[in-house]
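Welcome, and please open the model in your viewer. We will go from one selection to the next, with a short note at each stop.

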2 protein chains.
Amino acid sequence: MDAEEFRRRGKEMVDLVADYLENIEDRPVYPDVEPGYLRSLIPTEAPQDPENYEDIIKDVERVIMPGITHWHSPNFFAYFPTASSYPAMLADMLCGAIGCIGFSWAASPACTELETVMLDWLGKMLQLPECFLAGTHGQGGGVIQGTASEATLMSLLAARCKAVRRIQATNSDMSEMEILSKLVAYTSDQFCATLGTTPSCAFDKTEELGPLCNEENMWMHIDAAYAGSAFICPEFRPLLNGVEFADSFNFNPHKWLLINFDCSAMWVKKRADLIGAFKMDPLYLKHENQESGLVTDYRHWQIPLGRRFRSLKMWFVFRMYGLNGLQAYIRKHVVLAKEFESLVRADKRFEICADVVLGLVCFRLKGSNELNQNLLKRITQCREIHLVPCQLSGRFVLRFAICARKIESHHVQKAWQHITQLTFELLQEPEH
Amino acid sequence: MDAEEFRRRGKEMVDLVADYLENIEDRPVYPDVEPGYLRSLIPTEAPQDPENYEDIIKDVERVIMPGITHWHSPNFFAYFPTASSYPAMLADMLCGAIGCIGFSWAASPACTELETVMLDWLGKMLQLPECFLAGTHGQGGGVIQGTASEATLMSLLAARCKAVRRIQATNSDMSEMEILSKLVAYTSDQFCATLGTTPSCAFDKTEELGPLCNEENMWMHIDAAYAGSAFICPEFRPLLNGVEFADSFNFNPHKWLLINFDCSAMWVKKRADLIGAFKMDPLYLKHENQESGLVTDYRHWQIPLGRRFRSLKMWFVFRMYGLNGLQAYIRKHVVLAKEFESLVRADKRFEICADVVLGLVCFRLKGSNELNQNLLKRITQCREIHLVPCQLSGRFVLRFAICARKIESHHVQKAWQHITQLTFELLQEPEH
């Protein structure tokens, strides 16, 4: 495909993308396919010779779309949101074209420097303590990880490395393996200190945990994967109090801040702690400026060596929405969650199972787990809306998460009508 | 930004992408900026209110481009190639629009199933032993990791988990920590068994290592990050011999197979080994089909939970190029490397420092390391071409890697003229 054809096909693809997203409600939100459906629809081997582009595009509708769970449908209330916005998609096109691999400052200075500054911008939006920002002379700073899991793993490895070194400094006769065998990681059932858990969006008391961790010289990592985006609103910022005790903090703008996956923002108070655990310096990655102490080489901050120019997405989204636009977006989702909560509370057959703080409502039919499992089964089979369950203190609970960028009140109302209709049918049946 | 504006801006972006890539040669391949250049060019905080899109696009040229190392310039010969093709970029646009997160089969069946089938297609192109393929009943199979580092980490963790379980089965009184303290990982100075090392594209003798590993019940992981793409050509396939002894194998189509970053292909002989090490099953990720044994939930195969729909890029590229087109692409790069090798060999001042097997030429001026460091410094400062060095047996060596999709013989010739001109000037100076 030459540039001329790309110009034509690219413009067609832009329309295809807009058409898909604007008409996504016409599709059943959840697919009706059996495991293995796709293999039988396409050849068993790659073609020897090039095929027509038209045939590939036809196959998108024939092969791919029937097997898609439409995460951006306003009828999608499962898991947590995954971000989608036009400015982020435009930035991603540019990212693909530049196609630089930012493992070191020299490999593309703009890729490294925009990331550092965007993490400062975002840190300021969250009112993170100054010590987490890079600025021009800070000891802290931010980095884009792929996912919160990677951020957690990085903080765990950095914590371990720091602890080993501290103990070795005073006990030079202890081997690393001896020290490792005595290290303890304290976790909750969500693993680390969490602001906004996945099952129910619950919040750990980090203001109580934090001082304890600091006194005992323990590394504290705080994960606010979903909830973190809300902290850009002053009314939700108190939920982040206690972050000043943390050594590292992360959340996922790719969930709720309109920046398409992947973009997990992580900050550390002392970047030397992270870099110390991972330094990787073969000659082919060295460059003149690295000894100056002025540059960041992000390969030391993460598991992967290669990295895309993901901060472009942050830059485009922050500038096209502005802080006010982003706050309005968060608030709208919270209002819609409260609206759904009110609908549930007004129906005596149902109960709310956890505080509705942000965009997630945990609810269930009063009654057995089996009853609720049956309700969810019907919801899933109808494919009009999509939810997933969670377990709270042994109880089977339905999660209703406000997800889509284009969701409105009428979608929430329609979803509730659908749920109550299925509930009516379920409760009519003799076995209940 | 609404859909209408996206249609307009998206089409402008398609042209911007094509313009950038078609005229990339007009730009100096390596940027002329000092560390910290970017921070002073943009505000210290995100804007409160939305900005104009035009202003953002103007800033791409003002703020970003001066700090870009142009990896897709035909004057870029550094590191290894990073893939770029129009079909991959089109697929990535579609991936962004669908925006599903494929951590489980149910979260988007097409995302999981296309990946499994594409890894089978690619495995067949490489003539991988059948046991690495998923097929409909295989025990093996492939997965897309972000980078080779992640693939290596996954195989290391799977190997460790498998060894611990094997020892625990016969020594039930040993604690995990005791076992861990006795485990040994054998590595080369590139870490694991490598086909095509980064410094010099050297090949380990996997046909000798493999049987030893199998006899001793050791997990063998083979990394062919760069070289792997070449194995789709029958004449280079013998370099992969020995893979039949491996437990896991990976290479990066995002390097040399025209599939934009990130796309690191990894195969395992027994997927149960990988999954066993990482199973992660909260209720909110369970789905009806997972107990059937028929579905793949890729979250168990990797560190991150979330994952993009990356196999779309493979599908578009394989179909738009065909196996013949991909082979022709690899062969052209190898021919150009050989052409450069001939130029170097014809100049008695220079020496070739490693066999030129694929697209990398390691060379140096006969003489001191300092002399070669000075030559590279001049090359870097001129910004006409870009190379990075490596160290081979204590010697400072220059790496000339064929990288760009649009590179032609005249670029190689011009690069060599430039190098010899700088050499001439360097050797003229009194201190040499």
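Start by selecting B:Arg7 and A:Asp15: they form a salt bridge (a side-chain nitrogen of Lys or Arg within 4 Å of a carboxyl oxygen of Asp or Glu), with the closest N and O atoms 3.0 Å apart. Between chain B and chain A the count is 14 salt bridges.

Before moving on, note that this is a predicted model, in which local features need pLDDT of at least 70 and side-chain atom pairs count only at pLDDT 80 or more, while totals for chains, interfaces and linings use all residues. Residues are numbered from 1 along each chain as its sequence is written, chains are lettered from A and ligands numbered from 1 in the order in which they are written, and side-chain values use heavy atoms, leaving out hydrogens and water.

Next, select helix H1 (residues 3–22) of chain B, a DSSP run of H or I with at least four residues. With 17 residues, helix H1 gives the largest share of the side of chain B that touches chain A.

Now show both sides of the interface. Here 132 residues of chain B are in contact (heavy atoms within 4.5 Å) with 132 residues of chain A.

For the last stop, select A:Lys255, listed by UniProt in an unreviewed entry as "modified residue: N6-(pyridoxal phosphate)lysine"; such annotations may be inferred rather than shown by experiment. A:Lys255 sits in helix H8 (residues 253–256) of chain A. Leaving aside residues up to four places away in sequence, A:Lys255 touches A:Phe80, A:Pro81, A:Thr82, A:Ala83, A:Ala225 and A:Tyr226.

Methods: Helix = DSSP H or I, 4+ residues; strand = E, 2+ residues; numbered from the N terminus.
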